[in-house]
Amino acid sequence: MNRTIVMLLARQCWKNAFHTRAIYSILVVMLLVMGYAAYSGWKAYTQQNSMREHYQRAARASWEENPDKHPHRMAHFGTFAFRIKHPLSVFDVGLESFTGNAVFLEAHKQNTINFSEASFSTGLLRFGEISLAMLLQILLPLIIVFLGFSTIAADRENGTLKILLTQGAGWREILAGKSLGLFALALLVVVPAFAVTILLLAAAGAPFTADLAGRLAATVLVYVVFLAVVCMVTVAISAGSASSKGALMKLLGWWLLLAVLLPRTSQALGSYFYPAPARVAFDAAIEEDVLRQGDSHNPDDPHYKHLRDSVLRVHGVDSVEHLPFNYSGFVMREGERISAEIYQQHVQQLTHLYDKQNSLTTATALVNPFTAIRNLSMALAGTDAEAYQVFQDEAEAYRYALAQKMNALQMELISNRKPGPKDVPLAIPHDHWKKVPDFKSQPVALGTSLRGVWFSALALLLWCAAACGWLGRISQTLKAL
Amino acid sequence: MYTLLIKQFIRSRITVGALLLLFVLGLVSILIGNQFLAQQEQRIAQVTEHQRAHRERNVAAHDEMGLLLYYLKFALISPPDRLSALSIGQRDVNPGIQSVTIRTLEGQKYDTDLTNPVQLHAGNLDLGFVILYLFPLVIIAFTFNIFSEDHETGTWKAIAVQARSAVRFLLARLFVRALFVYGLLLALLLTAAAIVSIPWNEAFLGFVVLSILYTAFWFALAFWLALFKKSSGFNVLTLLAVWVVLTILLPASVNNLVATLHPVPEALSTLLKQRDGYHKKWDEDKQVTLARFYAQYPQLEKYGMPEETFSWGWYYAMQQQGDEAARADSQALREKMRRRDETSRAFARVIPTLHTQLYYNDLAQTSLTDYMRLLDSATVFHEQTRLYFYPRIFENAPVKSEDWQRWTPAYLSPRQTVHWAPLALPLVAIILLLLGGTWIRSRKLYFGE
């Protein structure tokens, strides 16, 4: 391949694009929309996080100002976990609007994570959200199609192609040059998109860690590969079409099918074939399993009766009142352990079911680079299902630790003798409350994010290889007429 | 002439393929909607059954009225309209069932159902989506070259010479295309009505009329553009750009605007206040709590101030204070939701896609308005249930004295959803505007050639 010719053709493709007036209006509109997307991503990030951090602090302050009381009262007083948005959500909002934002953490009970943005939405959210990532994934490919559909087909129609070929440019040079030129045009949108992302990250005061740098670099890389694929496909289809109109129709069909139709259809079918349970059925199943293990509230329950007998035997006493620790705290510790374990099993089953629902869409990444880039992008932005799972796990782990800490305090510090109906309730000093660490969510680690998207990464690489191979193959067989 | 036009139209492979694809996707969407409806109904059956089983177990296990009511759940169900199968709307995110105990309501009423966020993100493939997104695409594919193709292939001159009126010929061509598109639309709507067994009521008629008007808007737009005599490539790109703007860019931008314009920190403050409002009462003077409670419900004042350290009357008074503490924030939250709805509707009046989607949801009773209505009804329902049980708790009435069997879920009655003028007018106005533009262009077509 002659490099000079490739560069020459790339430059010519670039210059040609600027000969039409349309490109100026397209670029202006695209940059304006990008500006709005960036602003709204940044606004949502700063607004939501300052709100959530504020109430996280308020919840903590309220927890700490509790007076002396029974630790089990505090276990029910509980606290809240508010989900913090990842800084890169300014670039790709991912699933953020569909995931819950706040959850009440108390003993015995795993509450639902409520107040997702979607639950306050008027129905418009179903049209999608505007974000820099969405523009690069959906709109930019359409612009590439628009700029590139006629790149070779028009040359063929007006006879330029014959001249090019007779003047020493080979098919390989033409295909490579046009792809490169088209890609350079795409960079006119990509470069500002990432520049503004970095600016907004700085403006939002996101700590610039190695993790964040890695995410950014990987995001740039996957978009470059994705857009290269789009450019190569555009050029290949343009080269293979007899007329530019035919090329346009094929490319528009390709875009519509892959960017709009397939993702929604595959996800809808996935959910159709693997219906998920409703909360009422989910909760009932957990309740049933817990009751099967033993009902800690029932004095005649065999599991807890056996537990009591063996504890009494070990300590050589005949009644729970003579035990060296608070027995009901001990029972609640056991109950919490059992119910949390059962809950986790059910959650795992549910997650597994959701994975199945999503599996069809994930599998289509192999034939759909638009799905591959979408999954990769939101994983790298820390706004995918994996990141939400991390928050859910953290919240549950904190809830469990808090409940068990209160049970431990009860076992240790609360008397075994029950107060009478008119006695002062049992309590422990309030300085214990401050000693319990606050809930602090850690942003999802890059490694965790990547684990879920290896398939999409592979699919994108395969697409890139296939597109290169396709261009290579048609360069052998293409005709100028 | 029509027979020939029809023959010419359906001879194209693309035509048949597009119609077939649309029909298949329409069918799939109807099946998905039907499954959704079945799941909603299954949920109602599960809640009803769970309420019964849960109640029976707890009634058998507890002999104190106050303790029993700590556990018992009472469901208020907003049964899904059959039309919700065609426009799932917000109903997948916001559950149509409130299953609550008589404790603090604000801590329970926002509980969500289990959802797969990836599924919600991809969006539902309901018939509403097929009509909103895919019908315009097919209309574009059928009409973008309705005029330009003859220019490009050189047949226009022959037609202009032979046809009595050029515009009338083009209209005939458009008519043939509309015949197929509307035939398909009605076929899908009738199939949906049959599969989902939608009753032939005013709401369904509203759905049909709205669908016809919405597709008419696209026909009018495409025809108006065709008369500008641009190339096929220009037409298809322009129409597709309009489609992208109307179905993707504008709605998404309006959505982001609504979300950032009206953020809802009230949701989080409600959450905190209801908890503190109840829990901190444990450390406060019982007399004060009960006095406040009695001020709210003077009819209960006769139960006086208990002397025991703990009494169930006091316990539920504390719980009620949780709702009381969060009342202002909860109302502010409601007001924010109402304002979001208002802003969206204001934009929708001039954006046909938004208008159609919001009205589909209204007709199917799957909109935010319907969710807010359920939340409001839950507040009333909760208070009625509480007020029924409060005296029995204070008197510690024997558990057996109550006829528990009658505590089956309560149902919300459907609402009147069809308001013809706001439903039709925005679309009719835009269509008339486009037809006016077409008429002006068509005159130029005569004299300008």
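**Figure 1. Three strands of chain B form an open, mixed sheet in the order β2-β1-β3.** Strands here are DSSP runs of E with at least two residues, helices are runs of H or I with at least four, and both are numbered from the N terminus. Two strands pair if DSSP finds at least two bridges between them. The edge strands are β2 (97–100) and β3 (410–411) of chain B, each pairing on one side only. The model is predicted: local features need pLDDT of at least 70, side-chain atom pairs count only at pLDDT 80 or more, and totals for chains, interfaces and linings use all residues. Residues are numbered from 1 along each chain as its sequence is written, with chains lettered from A and ligands numbered from 1 in the order in which they are written.

**Figure 2. Strand β1 (residues 74–77) of chain B runs antiparallel to β2(B).** The two are joined over 4 bridges. I77(B) has I97(B) of β2(B) as its bridge partner. In a regular strand the side chains alternate between the two faces of the sheet. From β2(B), I97(B) and S99(B) point one way, while Q98(B) and V100(B) point the other way.

**Figure 3. Chains A and B meet through 75 residues of chain A and 72 residues of chain B.** Contact requires C-beta atoms, placed from the backbone, to lie within 7 Å. On the chain B side, the elements giving two or more residues are α2 (13–61), α4 (117–122), α10 (232–261), α11 (265–279), α13 (312–348) and α14 (352–363). α10(B) gives the most, with 18 residues. This side of chain B divides into 34 nonpolar, 29 polar and 9 charged residues. Nonpolar covers Ala, Val, Leu, Ile, Met, Phe, Trp, Tyr, Cys and Pro; charged covers Asp, Glu, Lys and Arg; the others, Gly among them, are polar.

**Figure 4. Helix α10 of chain B holds I248(B).** α10(B) has 30 residues and reaches 41 Å from its first C-alpha to its last, close to the 44 Å expected at 1.5 Å a residue. The expected span is 1.5 Å times one less than the number of residues. α10(B) bends by about 40 degrees at V245(B); the bend is the angle between axes fitted to the seven residues ending there and the seven starting there. Why does I248(B) count as buried? I248(B) counts as buried because it has 22 C-beta neighbours inside 10 Å. Leaving out residues up to four places away in sequence, I248(B) touches F127(A), G128(A) and I138(A). Its C-alpha is 9.5 Å from that of Y133(B), 115 residues apart along the chain.

**Figure 5. Helix α9 (residues 244–273) of chain A bends by about 45 degrees at L261(A).** A proline, P263(A), follows within four residues. α9(A) has 30 residues and reaches 41 Å from first C-alpha to last, close to the expected 44 Å. UniProt (unreviewed entry) lists residues 251–274 of chain A among its "transmembrane region" annotations. Positions are in the numbering used here, feature names are shortened, and annotations may be inferred rather than shown by experiment. The span 251–274 is 96% helix and 0% strand, with end C-alpha atoms 33 Å apart.

Terms used: Contact = placed C-beta atoms within 7 Å. Buried ≥ 20, exposed ≤ 12 C-beta atoms within 10 Å, placed from the backbone.
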